[in-house]
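Work through these exercises with the structure open beside you. Try each task before reading its solution.

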Amino acid sequence: MSGYNTLWVPGMDHAGIATQVVVEKKLMREMKLTRHDVGRENFVAEVWKWKNEYGGTILRQLRRLGASLDWSRECFTMDEKRSLAVTEAFVRLHKDGVIYRDLRLVNWDCVLRTAISDIEVDYIDIKERTPLRVPGYEKLVEFGVLTSFAYPLEEGLGEIIVATTRVETMLGDTAIAVHPDDARYSHLHGKFAIHPFNGRKFPIVCDAVLVDMNFGTGAVKITPAHDPNDFEVGKRHNLEFINIFTDDGKINSNGGAEFAGMPRFEARVALTEALKKKGLYKGDKNNEMRLGICSRSNDVVEPLIKPQWYVNCKNMAREALDAVIDSTNPKMEIIPKQYVAEWKRWLENIRDWCISRQLWWGHRVPAWYAVLKDDELKELGVYNDHWVVARNEEEAKEKASRIFAGKTFDLYQDPDVLDTWFSSGLFPLSVLGWPDDTKDLRAFYSTSVLETGHDILFFWVARMVMLGMKLGGDVPFGKVYLHPMIRDAHGRKMSKSLGNVIDPLEVINGIELKGLHKRLEEGNLDQKELETAKEGQTKDFPDGIPECGSDALRFALVSYTAQSDKINLDIQRVVGYRQWCNKLWNAIRFAMTKLGEDYIPPEEIIPATLPFSCKWILSALNKAISKTVVSLDSYEFSDAATAVYSWWQFQLCDVFIEVIKPYFAGNDPAYASERKHAQDTLWLCLDNGLRLLHPFMPFVTEELWQRLPSKKDSVRKESIVISEYPSAVESWNNDVVELEMDMIESVVKSLRSLRSQLAPNERYERRAAFVVCRTDDACHIIKKHELEVSTLATLSSLDVLSEKDDAPVGCILDVVNESLSTFLKLKGIVNVEAELEKLNKKMEELQKQCDGLKKKRSAPSYQEKVPVHIREVDEAKLASLLQELLSFKEAREHLERENRET
């Protein structure tokens, strides 16, 4: 609409873990089979089937919401072109040494049997001993317990006491660390402890980095293969790394025959009992801790040492950081600016990115392992230098033949897939055709704006920037707008198990409560979660969700964007905007009747020739256009929505359409000129106003705009979406007219307030009114606009009086400001006592304001510390308040005099 060549590409990622979990649960629910039962090929076919049936939900939601996407370019991270881009990126980054393979600790999910990313780990704070339900265990598992036990020492040196919240990991302990300056253990430096269950000897090491000698016993058990801090100690002291868990969370053969095959938390109980039997158990106590839980499976995350593919992020992160914070040449802006600090925090402390996932749904790692005929060990991955990275198996064979020339080998592709964020991180490039040098890539990369949620600033945005700069040569977008996260009306995160997830299509179309329940029943919740979710839905939506339409939902969401980093979405607010859509529809339909069927808009409107009300509405429209455009340009979407709404509701509908009604009443020839001007102005307002509102409410504006008459000999654009967005017109500005209308509206508001005090059966009768003016300017303006005041205040007559005139009798009155008072004629006798009480309350409030301002101005430091311009404002405000107080006193005297005379 602003004349730019604009492209918005629709796309989806394959959501590796989330999708695999859904399909695995579906298989178990419907066929009582695991993915291992059906095999990899059949399982992947099942996922594709599910994706084709349900995977288009997001795109359907976007279509119904009216998103202006180029649907001909729809793409998916697992489609052929995007998959080729993923392979190419991996191969290039591996060649540059950015991607490498290493043995490190990962977040391991024993239910899903895969490494998971940090974003997929939720943390719960545990204050004390707490039993929790863990998937796969019938009994509750205790957490928040610190268990102490002793290790026997060699050479009869006694024992050393350590403590842990994970007793089962002691089967993988390979050292005990003490502080080098701790005198209690100086005699043990270089000595060995003996493992009570397998007789293994392991060293007492000195480590000032890890050990706090004032905490606990000052001795720390070290399990390098199962704890991030211990992993670092293991590397510093060249310790043995012993993995004691199978991929599904059972004790493996390294844990010893007594415990092998036990699930890890059952082994925790068994080990505690075994320690007691050996006399090594020293008690336990409550312990505050944070527990990592997988957001996908609710399993307790286990740190596990695994060989994985990694991306070295250090150099790319530095470039991505500079792109935002470089004060001399910033390439990218983050909006709102508060998130720059988070960008800085993530990228300054970045760790290498583990991109391997032990899943079946996703992009298979383009790496093949060569098992040589003369290799001593034949397991896949055992020799790190046997990996060959290639675009396909044929290329892998060719490379392997060169690397292992003259040797016999077999190639096996890595069974792992790549982290979904890797393919998503390439999206700005891959959607435009990279790695090919396409026309789209040249025209649109780098793109203008990314709009996304602040929760994935690092996980998606930072990775797009790093990969975009590395592979595309530039930042992928110039601006990043981060929207607030949508919560429910109570501020809770949306969760399927709470039943508070809201599908936008259900708000658009409306849905009964039983329909909401049905959606839950078709999901993957267990019976207990299902009952909880249904209770939540019944409480929040006892009558279901009413049909609101896309326009109302869009406008509500945009209006909410001023609400910090969260949107507490109240459906009633959306319903309110649906009602406003109806009001808008009716107002415009009514306005169109004033244009008539034969109306043809003029080629040009000259503001100077227009009646007062027409000049005013064009000036107000100009201000609304300017405010909207400036707000949109600065990403203040809530301010833009408010500017558009306020003009339509409070200026066009509430004032202008009402104030021009006399011109059309009975086709009075005296108003022929005004009537024609009002028609032209009304058409201009509707045309500009609908185009101004269109980005916020595309459907209702398109429908109404198509019904507007066109100028003579002009060709209407096919759609409002390709019409020109309004821009301010200098000649429409008229501050004098706006100031006069402000005075008119303040008088009308006062008269309406007086009318609201009448008995309900009298409020809609036309009444005589009077305005007393205390300045010549006010008198001149109100007299000039008697018709506008009478029309808007629904009066039978209006008399404008000066201070010299006798005050009207038989009226209730109100003081508008220091220059104006209003009087509304009553049928019966004025209740003077009630009127005096109202006046006295207002006078008390005014007196408080006067006293406060006087006190402020009489402060000893006021003249020295308060700037001149603020002192001038205070002086003018005090003079105005005193004048207004005087007006109230006069009004009170008038009432008291009228009371005496009657």
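Ala, Val, Leu, Ile, Met, Phe, Trp, Tyr, Cys and Pro count as nonpolar; Asp, Glu, Lys and Arg count as charged; the others, Gly among them, count as polar. Keep in mind that this is a predicted model.

**Exercise 1. The second largest pocket**

Task: Describe the second largest pocket by its volume and its lining.

Solution. 
- Step 1. Start with the volume. The second largest pocket has about 620 Å³.
- Step 2. Turn to the lining. The second largest pocket is lined by 26 residues. Nearest its centre lie Trp-683, Asp-687, Asn-688, Arg-691 and Lys-711.
- Step 3. Find the main contributor. Helix 23 provides the largest share of this lining, five residues.
- Step 4. Sort by class. The lining of the second largest pocket divides into 12 nonpolar, six polar and eight charged residues.

**Exercise 2. Overall form**

Task: State how the radius of gyration of the protein compares with that of a compact globule of 902 residues.

Solution. 
- Step 1. Take the reference. A compact globule of 902 residues would have a radius of gyration near 29 Å.
- Step 2. Along its principal axes, the C-alpha trace covers about 115 × 70 × 60 Å.
- Step 3. The protein has 30 helices and 31 strands.

**Exercise 3. Helix 20 and its two partners**

Two packed helices are described by the angle between their axes and the distance between the axes.

Task: Decide whether helix 20 and helix 23 are roughly parallel or roughly antiparallel.

Solution. 
- Step 1. Read the geometry. Helix 20 (residues 612-633) and helix 23 (residues 672-693) pack at about 10°, with axes 10 Å apart.
- Step 2. Apply the cut-off. Angles under 35 degrees count as roughly parallel. Helix 20 and helix 23 are therefore roughly parallel to each other.
- Step 3. Find the contact. Helix 20 uses Cys-614, Ile-617, Leu-618, Leu-621, Ala-624, Ile-625 and Thr-628. Helix 23 answers with His-677, Ala-678, Thr-681, Leu-684, Cys-685, Asn-688 and Leu-692.
- Step 4. Sort by class. The contact of helix 20 with helix 23 has 10 nonpolar, four polar and no charged residues.

Task: Now do the analysis for helix 20 and helix 25.

Solution. 
- Step 1. The axes of helix 20 and helix 25 (residues 735-756) come within 9 Å and cross at roughly 105°.
- Step 2. Angles of 65 to 115 degrees count as roughly perpendicular, so helix 20 is roughly perpendicular to helix 25.
- Step 3. Helix 20 contributes Phe-612, Lys-615, Trp-616, Ser-619, Ala-620 and Lys-623. Among the partners in helix 25 are Asp-735, Glu-738, Met-741 and Ile-744.
- Step 4. The contact of helix 20 with helix 25 divides into six nonpolar, one polar and six charged residues.

**Exercise 4. Helix 18 against helix 21**

Task: Classify the crossing of helix 18 and helix 21.

Solution. 
- Step 1. The axes of helix 18 (residues 549-560) and helix 21 (residues 637-659) come within 7 Å and cross at roughly 125°.
- Step 2. That makes helix 18 oblique to helix 21.
- Step 3. Phe-555, Val-558 and Ser-559 of helix 18 meet Phe-637, Ser-638, Ala-641 and Tyr-645 of helix 21.
- Step 4. By class, this contact of helix 18 with helix 21 has five nonpolar, two polar and no charged residues.

**Exercise 5. The cavities**

Task: How many cavities of 30 Å³ or more are there, and what lines the largest cavity?

Solution. 
- Step 1. Count. There are two cavities of 30 Å³ or more.
- Step 2. The largest cavity has a volume of about 80 Å³. Its lining includes Leu-754, Asp-814, Lys-838 and Phe-888.
- Step 3. Helix 28 gives the most to the lining of the largest cavity, with four residues.
- Step 4. By class, that lining has five nonpolar, one polar and four charged residues.
- Step 5. The second largest cavity holds about 30 Å³. Trp-580, Lys-583, Leu-584, Trp-648, Gln-649 and Cys-653 line it.

**Exercise 6. Backbone details**

Solution. 
- Step 1. The bond from Trp-434 to Pro-435 is cis, with omega near 15°. Pro-435 sits in the loop between helix 12 and helix 13.
- Step 2. The bond from Tyr-445 to Ser-446 is cis, with omega near 0°. Ser-446 sits in the loop between helix 13 and strand 24.

Methods:
Residues are numbered from 1 along each chain as its sequence is written. This is a predicted model: local features need pLDDT of at least 70, side-chain atom pairs count only at pLDDT 80 or more; totals for chains, interfaces and linings use all residues. Side-chain values use heavy atoms; hydrogens and water are left out. Axes are lines fitted to C-alpha atoms, for helices over the stretch in contact, and angles run from 0 to 180 degrees between N-to-C directions. Helices (H or I, at least four residues) and strands (E, at least two) are DSSP runs, numbered from the N terminus. Angles under 35 degrees count as roughly parallel, over 145 as roughly antiparallel, 65 to 115 as roughly perpendicular and the rest as oblique. Contact means heavy atoms within 4.5 Å. On a 1 Å grid over the protein atoms alone, a cavity is a set of points where a 1.4 Å probe fits but cannot get out, and a pocket is an open set with protein on both sides within 12 Å along at least five of seven lines; lining residues have an atom within 4 Å of a point. Grid points are joined across faces, edges and corners, and a volume is the space filled by probe spheres set on the points. The radius of gyration is taken over C-alpha atoms; the globule rule is 2.2 Å times the number of residues to the power 0.38.
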